[in-house]
Amino acid sequence: MILATLRVDHERVVADIICRTLLVDRETLQPSHHLVEDLGADSLNLLEIVLDINEALAIELPTEGVARIRRVEDLVRLVLQTLDISKT
């Protein structure tokens with residue numbers, strides 16, 4: 001139960017940062033959205049999102065993982081893996 005709550009909390013933080021950075025309505029954001037193609041992110045937006053997540057969650061997302069991010073769900077998965085929170 002605690003892991004599930006942590007997972008939801010961290011997913012919310014990631015979604016909020018994406019929405020704030022890309023000026024996307026939270027209700028329209030979907031895990032399958034491509035950050036660049038669907039949400040209009042550019043490389044500076046992606047850098048800002050990663051840095052904000054690192055700061056908000058006190059983590060350091062691995063560079064090799066960040067390079068593979070394409071969709072919202074990829075970013076959430078990387079955050080959860082970095083935090084070592086498995087799916088419950």
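Which side chain meets that of Glu-73 in a salt bridge? The partner is Arg-71, with an N to O distance of 2.5 Å. A salt bridge here is a side-chain nitrogen of Lys or Arg within 4 Å of a carboxyl oxygen of Asp or Glu. The structure is a predicted model, in which local features need pLDDT of at least 70 and side-chain atom pairs count only at pLDDT 80 or more, while totals for chains, interfaces and linings use all residues. Residues are numbered from 1 along each chain as its sequence is written, and side-chain values use heavy atoms, with hydrogens and water left out.

Both members of this pair are partly exposed (relative accessible area between the limits for buried, under 20%, and exposed, over 50%; 1.4 Å probe, protein chains only): Glu-73 has a relative accessibility of 24%, and Arg-71 has 27%.

A further salt bridge joins Arg-77 to Asp-74, whose closest N and O atoms lie 3.3 Å apart. These two residues sit three residues apart in helix H4 (residues 72–83), so about one helical turn separates them. Helices are DSSP runs (H or I, at least four residues) numbered from the N terminus. Arg-77 is partly exposed at 39%, whereas Asp-74 is buried at 12%. Through shared partners, salt bridges join Arg-71, Glu-73, Asp-74 and Arg-77 into one network.

Across the whole structure, the search finds six salt bridges. One of them pairs the side chains of Arg-20 and Asp-52 at 3.5 Å, N to O. This pair links distant parts of the chain, with Arg-20 in helix H1 (residues 2–22) and Asp-52 in helix H2 (residues 43–57), 32 residues apart.
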